[in-house]
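Biologist: I would like to learn how to read a model such as this one, feature by feature. Could you take me through it slowly?

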Amino acid sequence: QISRTHVLAQSRPFPTTLSPTPPAMSFDLPALGYGYDALEPFVDTTTMTIHHTKHHATYINNVNNVLAGENGAPIKGMSLEAMQRSIASLPANIQTPIRNSGGGHYNHTMFWTLMAKPGSCNSAPHGDLKGAIDGNFGSVEAMQKEFNAAAAARFGSGWAWVCVGDDKKLFISSTPNQDNPLMAGIAEKPGTPILGLDVWEHAYYLKYQNRRPEYINAFWNVVNWDKVVENYDAAVKGGAPVMDVPLK
């Protein structure tokens, strides 16, 4: 004889296994598109290795710590680009770490794409970008001279940039620390960067020591002009620099 208790037990639904809560979004270190030694002799292997695996990785860890922390709600689900554009409106308790480390993550992720092994890509601007450079600066050489001056004059640490403004014209600027031209309300002259150079000492000191202008001049030997052209074409259409921002 089957008891009422047994019938009730048999009629209960089998327990289900709940899917684990998806982990919070976090950023991962992007892979380089070349070996750490690919930019020799202009950027040395040791600097590239440390710069990528230590300095850039630290910026990513810092951003992920904010995302995972109790104050991370305002930036959860934001793309890295959106964080840059929103810096000025972020809550005060996370604005500085996201400005510094979020900016550092964005700037470096872009920076790696802007360089390539010499001989592996076009060694000069081409297409519509070439016309824009000639129209805005007079020549590629004049643009480089203005860029070099901005990079050399940046006091302390920071970046030099070639940007597309709201008027679709090119301009050159520099920003302190890990700021970038996407940071409206913070950048002195906001715009969309298409080319940038890291002038923090960690980017060049092992090889160039205090000779920053020499490092700046050497940079032109490893610029990936195909990527800069791609960034320019995207920017004049209202887009942002083209790059992969991996998540984990």
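This is a predicted model: local features need pLDDT of at least 70, side-chain atom pairs count only at pLDDT 80 or more; totals for chains, interfaces and linings use all residues.

Biologist: Which elements does the protein chain have, and in what order do they run?

Modeller: Helices (H or I, at least four residues) and strands (E, at least two) are DSSP runs, numbered from the N terminus. The protein chain has nine helices and three strands, and from the N terminus the order is α-α-α-α-α-α-β-β-β-α-α-α. The radius of gyration, taken over C-alpha atoms, is 23 Å, well over the 18 Å that the globule rule (2.2 Å times the number of residues to the power 0.38) gives for 248 residues, so the protein chain is more spread out than a compact globule. Its C-alpha atoms fill a box of roughly 95 × 40 × 35 Å along the principal axes.

Biologist: How many bridges join β1 to β2, and how many pair β1 with β3?

Modeller: Two strands pair if DSSP finds at least two bridges between them. Strand β1 (residues 158-164) and β3 pair in the antiparallel sense over six bridges, and seven bridges join β1 to β2, again antiparallel. β1 and β2 form a hairpin with five residues between them, and Lys 168 in the turn has a positive phi of about 70 degrees.

Biologist: Are the faces of β1 buried or exposed?

Modeller: In a regular strand the side chains alternate between the two faces of the sheet. Buried means under 20% relative accessible area, exposed over 50%, and partly exposed in between, with a 1.4 Å probe and protein chains only. In β1, Gly 158, Ala 160, Val 162 and Val 164 on one side and Trp 159, Trp 161 and Cys 163 on the other are all buried, so that both faces are covered. For strand β3 (residues 192-198), seven of the seven residues are buried, so this strand is largely enclosed by the rest of the structure. Over the 248 residues of the protein chain, 46% count as buried.

Biologist: Which residues have a positive phi although they are not glycines, and where do they lie?

Modeller: Asn 177, with a phi of about 55 degrees, lies in the loop between β2 (170-176) and β3, and is partly exposed at a relative accessible area of 40%. Gln 209, with a phi of about 50 degrees, lies in the loop between α7 (205-208) and α8 (212-219), and is partly exposed at 30%.

Biologist: What does Tyr 208 touch?

Modeller: Contact means heavy atoms within 4.5 Å. Tyr 208, in helix α7, counts as buried at 5% relative accessibility. Not counting residues up to four places away in sequence, Tyr 208 touches Pro 41, Phe 42, Glu 214, Tyr 215 and Ala 218. Of these, Pro 41 sits in the loop between α1 (4-11) and α2 (45-68), and a cis peptide bond, with omega about 0 degrees, joins Glu 40 to Pro 41.

Methods. Residues are numbered from 1 along each chain as its sequence is written. Side-chain values use heavy atoms; hydrogens and water are left out.
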